[in-house]
Structures are given as structure tokens and as C-alpha cells.
Amino acid sequence: MSDNTPWFEGIKFPMIHFSPEILREVRDKFVVKDEDTITVTYPKSGTNWLIEIVSLILSKGDPKWVQSVPNWDRSPWIESTGGYELVKGQKDPRVYTSHLPLHLFPKSFFSSKAKVMIYCIRNPRDALVSGYFFLSKINVTEKPETLQQYMEWFLQGNVIYGSWFEHVRGWLSMRDMENVLVLSYEDLIKDTRSTVEKICQFLGKKLKPEETDLVLKYSSFQFMKENEMSNFTLLPHAYTTEGFTLLRKGTVGDWKNHFTVAQAEAFDKIYQEKMAGYPPKLFPWEEC
């Protein structure tokens, strides 16, 4: 394990642009404003897609913003050192992103009316596979040598941002709050238009049908894959290795192409133990 890996409150963070001091300040001192729109996800659960959708909703489908400003500037990650400074300098209404688990999120949120518009969940099997391929090609944390090794780390919570199970259980405890909208990656894939309309309604944004069409067009997988402001190709070369791609497949159920039967059974056993008590309909992947 790298000596450069920052840890905070038992959670592992990326080696680049993160520090316990900033994480502590974000949790304890950052003031969430009522007008803020915040996208929160566990890593590899549709984060960048949602940033694109929200950006386009706010611009009423006009692609100029998403084609001229990198997504990490449009909706900065508040817990990163650079993102924190950007958010503090944003004009109202602010838009920002986070992967933080609930217990490390800014304490001020819990007394605000900020629109934590998304807590977007995704089948953890797909998040695991996506994370494996992503982290194998980017220099932000220890690289897994095999999918089996990464699965062991994932199930132990020994990955950046910690346990998927803890993360999801924490944020789902907020799902009945009026300023929290829980979405799923699976529903975004299955019916993008309805999900975009749901986000618009939640944010109080009325888009014309043709404006919604533009949101769908410019947030599509193909457009994002070709948009250097959204596909991470602007990252410094020192951060990535050959073959790196942010947008790999953008599909549901890819885990079935990678898990062995034994891995699937081992994962299911722990999943059932960790997620016992939740209604199955809460998780679209349970219906697949």
C-alpha cells in the first residue's frame, strides 16, 4: 500500500489532490447553501453522466457550456483540494459534486435546503467491474493486479471512498427527505428521458420538449465519449497510463462478462448479508 495514500476517518482517498486537512474542513466548516445543487454518488456509478445532464438542464440544452468547460470545473468535487477552492469561489447558485460517504459530508447540509439532487446508486457488481478497469489505468491509488484482487478489496471496503455497502446504506437513510432524490444508473439507462424529466421537476426547471431533446442528445454516451471536456482526456498524462478511458461501455450487467460463477456466489453471499432488510424494489438490478 502506498505511503502517499491519504486516509481520513478510516476511509481511503486518492493520492492526488486530497488531504485530511481539507477533508476535515469540508466536513466541519463548509457552509452548504439552500440554493446549492449537489450530485452525490459512489465512484463509478454514473457521476460524470449526471454532471453532464445537470449542466445541460441548467443551460436548457445549449451545449456551449459542456463543450467549453471541463466537468470538474462545471461541477467540482468538493472534497478535493482544487475542487474545494473552486466551490468556495463559485457564484450562486452553486453546482458541485461529491463521492463522500454521509458521515464525512459537510455537517451544514443537514440543516439546509440544498438540493442533493442525486444520490445515484448502481449495481455494485457493475460499479466493481467499472472501478477495476478505471483504476487499472489511472495513477490515483494502488492498482489492482487482477479482478479477483480488486473484488477482495471492494468487499473489504479497502478502496477509495470506502465500502459501497456503507456508502449506500448511509445515503439511503436520507431517501425520504424532500431535498434528496435517489436515482439509479439502471433507470437512467432504461428510460433516460423520464429520469431527466424527474430531475427537472425536482430542481424546479421547466424545459420545453425540444430543450429536453437537446439534453438527451448532448449527454448521450457517444457525445460524451467524443467531448474532451467530459471524457477526462484533458487530464495530465502523468495521471493516466496507456489505454485509459473514462467512458468504457456505459451499459448495465457487464459484470456477467467478467465474474466467474464462484466470484458471483461469493459476492452474492456478502451482498445479501450487508443489504438485508431493504425492499428489493429499491434496487432495480434485483429485478433483472
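The model is predicted: local features need pLDDT of at least 70, side-chain atom pairs count only at pLDDT 80 or more, and totals for chains, interfaces and linings use all residues. Residues are numbered from 1 along each chain as its sequence is written, and side-chain values use heavy atoms, with hydrogens and water left out. Helices (H or I, at least four residues) and strands (E, at least two) are DSSP runs, numbered from the N terminus. Buried means under 20% relative accessible area, exposed over 50%, and partly exposed in between (1.4 Å probe, protein chains only).

**Strand S3**

- Strand S3 spans residues 37-41, and five of its five residues are buried.
- In a regular strand, side chains alternate between the two faces of the sheet.
- Both faces of S3 are covered. Thr37, Thr39 and Thr41 are buried on one side, Ile38 and Val40 on the other.
- S3 pairs with strand S4 (residues 95-98) in the parallel sense, over four bridges. Two strands pair if DSSP finds at least two bridges between them.
- In this pairing, Ile38 stands opposite Tyr96 of S4.
- S3 also runs parallel to strand S5 (residues 115-121), joined by four bridges.
- Here Thr41 stands opposite Cys120 of S5.

**Salt bridges**

- The whole structure holds eleven salt bridges. A salt bridge is a side-chain nitrogen of Lys or Arg within 4 Å of a carboxyl oxygen of Asp or Glu.
- One of the eleven joins Arg27 and Glu9, at 3.1 Å from N to O. This pair links distant parts of the chain, 18 residues apart. Arg27 lies in helix H1 (residues 20-28), and Glu9 in the loop between strand S1 (7-8) and strand S2 (11-12).
- Arg27 counts as buried because its relative accessibility is 13%. Glu9 counts as partly exposed, at 47%.
- Arg27 also forms a salt bridge with Asp28, at 2.8 Å from N to O. Asp28 is partly exposed, at 34% relative accessibility.
- Asp28 forms a salt bridge with Lys107 too, with the closest N and O atoms 3.3 Å apart. Asp28 lies in helix H1 and Lys107 in the loop between S4 and S5, so the pair ties together parts that are 79 residues apart in sequence.
- Lys107 counts as exposed, at 51% relative accessibility.
- Shared partners join Glu9, Arg27, Asp28 and Lys107 into one network of salt bridges.

**Helix H12**

- Helix H12 (residues 261-274) has 14 residues. From its first C-alpha to its last it reaches 20 Å, close to the 20 Å expected at 1.5 Å a residue. The expected span is 1.5 Å times one less than the number of residues.
- Its buried residues are Gln263, Ala264, Phe267 and Tyr271. These cover an arc of only 95 degrees around the axis, which puts them on the same side of H12. The arc is that of the directions from the helix axis to the C-beta atoms.
- An α-helix has 3.6 residues a turn, so residues three or four places apart point the same way.
- Val261, Ala262, Glu265, Lys269 and Glu273 are exposed on the other side of H12.
- The buried residues of H12 pack against helix H5 (124-135), helix H6 (147-156) and helix H7 (164-172). Contact here means heavy atoms within 4.5 Å.

**Aromatic pairs**

- The whole structure holds 26 aromatic pairs. Rings of Phe, Tyr and Trp (its six-membered ring) pair if their centres lie within 6.5 Å; planes under 30 degrees apart count as stacked, over 60 as edge-to-face and the rest as tilted.
- Among the 26, Tyr150 and Phe154 form a tilted pair, 6.3 Å centre to centre with 55 degrees between the planes. Both lie in helix H6, four residues apart, about one turn of the helix.
- Tyr150 is buried, at 6% relative accessible area. Phe154 is buried, at 0%.
- Trp164 and Trp285 have ring centres 6.1 Å apart and planes at 65 degrees, so this pair is edge-to-face. Trp164 lies in helix H7 and Trp285 in the segment after H12, so the pair ties together parts that are 121 residues apart in sequence.
- Both Trp164 and Trp285 are buried.
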